Amino acid sequence: MSKVITNKVKAGDLELKEKVVAINRVVKTTKGGRAFSFSAVVVVGNENGVVGHGLGKAKEVQQAIAKGIEDAKKNLIKVPVMKGTIPHDQLAKEGASKVLIKPAAHGTGVIAGGSMRAVLESAGVTDVLAKSLGSANPHNVVRATFKALAMLREPLNVSRTRNLGLKKVFNG
C-alpha cells in the first residue's frame, strides 16, 4: 500500500450535504434496567471533490447524527475528481474491510454498495466501479473508502514527481 497523503480541507464556507450511512442502537444492561444509546456514521461532502466522515454517539438519534456531522466537518479531505471519475485504481484496507475502486467510462454511474456509495457520491464521483471485499461493517467500509480516496494522486502531481510529460503518464 502506498503512503496516505493527507490533503485536509477546512469546512469554512463550504456548502456541505449530509448523508447518514448507518445508525446503531447500543444497549447497556445495568441493575436499573436497560440503557439505550445510539451511534451514527455520517458522511458529508460538497459533491465537488471534498468529502468527510464522522461518528456521533448520543442518547437520542438526532443528537447522534448532529455529533456525527460535526465530527465529519473536522475530517474533510480533497479528492481528485477528473471528468466525474477517479484518476486511477486504488485498493485500501481498514480493519477487516478491504475496498477496491476503479475509474469508469462516462455514463457508467456509481456502481458500489451502500456505505461506499454514500462516500463516493458525496465526493462528487459520478462514474466509478467499486467493490467491498471482506467485512461489510459500515464504519470500517467508510473508513477504507475514505483511505482509498485520500491515496489517489492527480496525474499532474505524478508527472511533476517523475519528471515526465502528462502524455507519458497517461499512455505509458
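## Basis of the model

Helices (H or I, at least four residues) and strands (E, at least two) are DSSP runs, numbered from the N terminus. By that numbering, D127 sits in the loop between helix 2 and strand 8 (128-134).

This is a predicted model, in which local features need pLDDT of at least 70 and side-chain atom pairs count only at pLDDT 80 or more, while totals for chains, interfaces and linings use all residues. Residues are numbered from 1 along each chain as its sequence is written, and side-chain values use heavy atoms, with hydrogens and water left out.

## Helix 2

Helix 2 spans residues 114-123. Seven of its 10 residues are buried, so the helix is largely enclosed by the rest of the structure. Buried means under 20% relative accessible area, exposed means over 50%, and partly exposed lies in between (1.4 Å probe, protein chains only). The buried positions are S115, M116, A118, V119, L120, S122 and A123. Just after the helix, G124 takes a positive phi of about 95°.

R117 and E121 are both in helix 2. R117 is partly exposed, with a relative accessible area of 32%. E121 is also partly exposed, at 28%.

## A salt-bridge network

Five salt bridges turn up in a search of the whole structure. The term means a side-chain nitrogen of Lys or Arg within 4 Å of a carboxyl oxygen of Asp or Glu. R117 makes one with E121, with the closest N and O atoms 3.4 Å apart. These two residues are four apart in helix 2, so about one helical turn separates them. An α-helix has 3.6 residues a turn, so residues three or four places apart point the same way.

K19 lies in strand 1 and E121 in helix 2, so the pair ties together parts that are 102 residues apart in sequence. K19 is partly exposed, with a relative accessible area of 25%. R117 and E121 also form a salt bridge. Salt bridges that share partners join K19, R117 and E121 into one network.

## A buried aspartate

D127 is buried yet has no salt bridge. The nearest side chain of opposite charge is R117, 10 Å away. For charge, Lys and Arg count as positive and Asp and Glu as negative; His and the chain ends are not counted. The D127 side chain does reach the backbone nitrogen of G109, at 3.0 Å.

Strand 3 (residues 50-58) is mostly covered, with seven of its nine residues buried. Strand 2 (residues 33-45) and strand 3 run antiparallel and are joined by eight bridges. Two strands pair if DSSP finds at least two bridges between them. F38 stands opposite A58 in strand 3. Strand 3 also runs antiparallel to strand 4 (residues 77-78), joined by two bridges. There, V51 stands opposite I77 in strand 4.

The hairpin of strand 2 and strand 3 has four residues between the strands. One of them, E47, takes a positive phi near 55°. E47 counts as partly exposed, at 38% relative accessibility. Its side chain meets that of K17 in a salt bridge (3.4 Å, N to O). E47 lies in the loop between strand 2 and strand 3 and K17 in strand 1 (residues 17-30), so the pair ties together parts that are 30 residues apart in sequence. K17 is partly exposed too, with a relative accessible area of 48%.

Four strands form an open sheet in the order 5-6-8-7, with mixed pairing. Strand 5 (90-94) and strand 7 (110-111) are the edge strands, and each pairs on one side only. Strand 5 and strand 6 (residues 97-103) run antiparallel, with five bridges between them. Q90 has I101 in strand 6 as its bridge partner.

## A nonpolar surface patch

L156, L166 and F170 form a nonpolar patch on the surface, with about 280 Å² of accessible area together. Accessible areas come from the Shrake-Rupley method with a 1.4 Å probe; for residues, only the protein chains shown count as cover. Patches are made of residues with over 30% relative accessible area and no salt bridge; like charges are joined within 9 Å, and nonpolar side chains (Val, Leu, Ile, Met, Phe, Trp, Tyr) within 5 Å.

F170 lies in helix 5 (residues 166-171). At 52% relative accessibility, F170 counts as exposed.

How values were computed: A polar contact is a pair of N or O atoms within 3.5 Å; within protein, one must be able to donate a hydrogen and the other to accept it, and residues adjacent in sequence count only if both atoms are side-chain atoms.
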